[in-house]
Amino acid sequence: MFVHIFANRLRCLLRDRETMFWTFMFPLALALFFYMSLSNVGKGEAFQEIDVAVVNDSWYQENQFFRTALEEASRGDDRLFNLTLATGEEARKLLDDGKIKGYIIAGDPPQLIVNESGIYQSIIKSFLDNYTQTFRAVEKVLENDPRIYQEVFDSLGNRKNYVKEAPAAGGKPDNLVYYFYTLIAMACMYGSFFGMREATDIQADITPLAARINIAPVHKLKAFLSSTCAALLIHLSEMMILLAFIRYVLNIDFGPRAGYVLLTTVIGSITGVFFGAFVSAVVKKSEGIKVGILIGVTMIGSCLAGMMYIDMKYIILSKNLPFLYWTNPVNLLSDAFYCLYYFDNLNRYALNIGALSCITVLFCALTYLFIRRRKYASL
Amino acid sequence: MQVYKLCLKIIKKNIPVMLIYIFIYLSVSIVVTLSSSRQNNTGNDFTDTKANIAFISGEETPLIEGLRKELGRQANFINLPDKKEAQQDALFFREVVYILRIPEGFTQKFMAGEEVHLEKNSVPDSAKAAYIDLAVDQYLNTARFFLSTMGDVTQESLVKYLDDVLSQEADVKLMPAPAKTDVYGLVFSYNYMAYSLSSILVLGMAAIMAAFNNRDLRNRVSCSPVRETAANLQIFLASLTFAGVAWLTQIAFCFFFDIENVLTMNTVYLLLNSLVFTVCGTAMGFLIGSVVKGNEAISAVTNVVVLGSCFISGVFVPAQLLGETTLRIASFTPTYWFVKANNQAAQLTQFDLSSVRLVLSDTAVIVCFALAFFALSLVIRKVRRFS
């Protein structure tokens, strides 16, 4: 009987195009949109050589140290500047046209002309500050002892990089991957549409189909579990395709622990399906209201988990709303994926999965309590 | 005017769903307005950018104290808990972009001329990390320069020298920009309209069209004493009323969020764009309603079409951060031209014909889209009628 109900339910659910769209096509489309709009955002943060001009006047030509410093900083693969020599007027025009971030007029001190404050303008200023400061340091040392002229210039050429990147314990701090994790978490919770259908179609006072199933000589729990297994199988398959699409087509990194990523997705899918079953069992209203509750809870959960605005998770949820942090399945799921990607240990991951499992067991138990032994005097 | 009234009834039935989009618009606009008002308004003076960093020192010496003081010009110091996980979290979610760790015994080794390094965790290859690197290296290289050229120097006198030398700054002059550069924050409330307004328009129009696509209803209207032309005219008028009310509501919210610029010429062009875009959204709704059957399918198509075009056209993410390929694909949607026209209208400082020509040409592209959607839906309806 299990196989009979399971197989028929599978066909039923696969023909439900609306549910298939929201649980499968919509997350896929959203992942693609995320990728198209976010894949370039990281480059906004990355350092790019700064387009800068210097006024090629007699001061610049005669001041060999300044010219050398600027040319050195504009040479090689790890250069700071893309340098253009220009007249004052040309430099101003380049600035007005947005082709350079600023232009330099050599002098003592050198002058920087910009039309806005920003990180790149600040880096140019830092460079000029450094030049002025080094010049001042040389003056100070030579004032003290003019005989060590050669030593001073030898020492100047001996600049070092004093800061080294510490070896990272896990993934790179690339926060764009987190948006995809929240999307997978949301898609897991969209499994609730399947769960809702299962719980609806087993309660005889809600649909005629459920009334028919209830008079069949099959134990209610057996019928419910068989059809829920079919729902789970479909949703899990959808999630695996989504995961594969995000990992292999969009090339989003999940860290080295693929097995745990799959485990998290399976638990997420079960949570989603039983969340839908729970809502459907508890709320005795129309299907529209149930769908409204499912979408509302999932979207608020996703929003709090940082799907639309990442600070929402870090600043608001993690630091100020610990209760919602631990009871929001979307947050627990996306945080679990984040831990697998970013941390080298599994402590926080285990806590997330523990909390999520508790929530899932609670949904299962409550659904069972609401559905079991319900008899209908009249329908 | 029965047909007209029927259309309005259908719209009224869909108001709760439309309110969701208004709610989303309001929530997002409030968040964006609040976060953009938090950003520094630099006025007429140049201000150094400050990066958020964590400064974790294993020792307290005059040299390290001097470094901290010097970095204060380029950095805001953020206190993080002394837990590796919390520090990693802060870097990932950009509470800080740089964590600088000074190992115990650094000063002693540095003063002795030994090879020593500081450790950092930073957002890889970021401009802000390069900025802080530059400052730390300058401080320590200058210190090393004094140590190697001045012989026996105590830590206190070294810090004094550094303090004196590093207070030297280049002269920076801030020129007035010919165009406003923070376009995203400036026209966000207008650009975001592309999501909320087009969702509302498509949902409403598609709901009307879907109702009239019902065969029984169509037959009933056909056998009524109302002429087909009159019925169509009433549908057109109802659509116009609906689109007009939706546009006015949306504009009222835009004015609310951009109150200080309401009386500028830029707003006139933004209004013109939004009006043309409203016509285009209505035509798109007309097309979707003509093609798609069933309310569930309408909601699915609306979400994918509207959400998708907003994602790739610069509504949710500023257009300058989108890839070239993405923008090229986006140029096949009216949303792209709407956002482009808005961004250009917001940057206008002169309003002669040559300056506004770029805005108007983008607006003209939106008109072409509207005509194409409308023509296509008429063709589809005609083909369906004869099939």
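Guide: The helices H13(A) and H14(A) cross in a right-handed manner. This is a predicted model, in which local features need pLDDT of at least 70, side-chain atom pairs count only at pLDDT 80 or more, and totals for chains, interfaces and linings use all residues. Residues are numbered from 1 along each chain as its sequence is written, while chains are lettered from A and ligands numbered from 1 in the order in which they are written.

Visitor: Why is H13(A) called oblique to H14(A)?

Guide: Angles under 35 degrees count as roughly parallel, over 145 as roughly antiparallel, 65 to 115 as roughly perpendicular and the rest as oblique. An angle of about 140° therefore makes H13(A) oblique to H14(A). In H13(A), A:Gly276, A:Val279 and A:Ser280 meet A:Lys290, A:Ile293 and A:Leu294 of H14(A) (contact: C-beta atoms, placed from the backbone, within 7 Å). The classes in this contact are three nonpolar, two polar and one charged.

Visitor: Why is the packing of H9(B) and H13(B) put in another class, roughly antiparallel?

Guide: Helix H9 (residues 193-213) of chain B and helix H13 (residues 295-313) of chain B pack at an angle of about 155°, with their axes 10 Å apart. That value is over 145, so H9(B) is roughly antiparallel to H13(B). Their crossing is right-handed. Among the residues that make the contact are B:Ala206 and B:Ala210 of H9(B), with B:Val306 and B:Cys310 of H13(B). By class, this contact holds 10 nonpolar, four polar and no charged residues.

Visitor: How do you know that S1(A) and S2(A) pair?

Guide: Two strands pair if DSSP finds at least two bridges between them. Six bridges join strand S1 (residues 50-55) of chain A to S2(A), and the two run parallel. A:Val54 stands opposite A:Leu85 in S2(A). S3(A) and strand S4 (residues 111-114) of chain A pair in the antiparallel sense over four bridges, and a hairpin of five residues joins them.

Visitor: What makes S2(A) and S5(B) the edge strands of the open sheet?

Guide: The sheet has five strands in the order S2(A)-S1(A)-S3(A)-S4(A)-S5(B), with mixed pairing. Strand S2 (81-86) of chain A and S5 of chain B each pair on one side only. Elsewhere, strand S5 (residues 163-165) of chain A pairs with S4(B) in the parallel sense over three bridges, and A:Lys164 stands opposite B:Glu119 there.

Visitor: Which element gives the largest share of the side of chain B that touches chain A?

Guide: In total, 71 residues of chain B are in contact with 66 residues of chain A. H6(B) supplies the largest share of the side of chain B, 17 residues. That side divides into 37 nonpolar, 19 polar and 15 charged residues.

Visitor: How confident is the predictor in chain B and in the complex?

Guide: On the pLDDT scale, which runs from 0 to 100 for each residue, chain B has a mean of 87, and 95% of its residues reach 70 or more. The complex is given an ipTM of 0.88 and a pTM of 0.87.

Conventions:
Axes fitted to C-alpha atoms, helices over the stretch in contact; angles between N-to-C directions. Left-handed = near helix turned anticlockwise from the far one by under 90°. Contact = placed C-beta atoms within 7 Å. Nonpolar A, V, L, I, M, F, W, Y, C, P; charged D, E, K, R; others polar.
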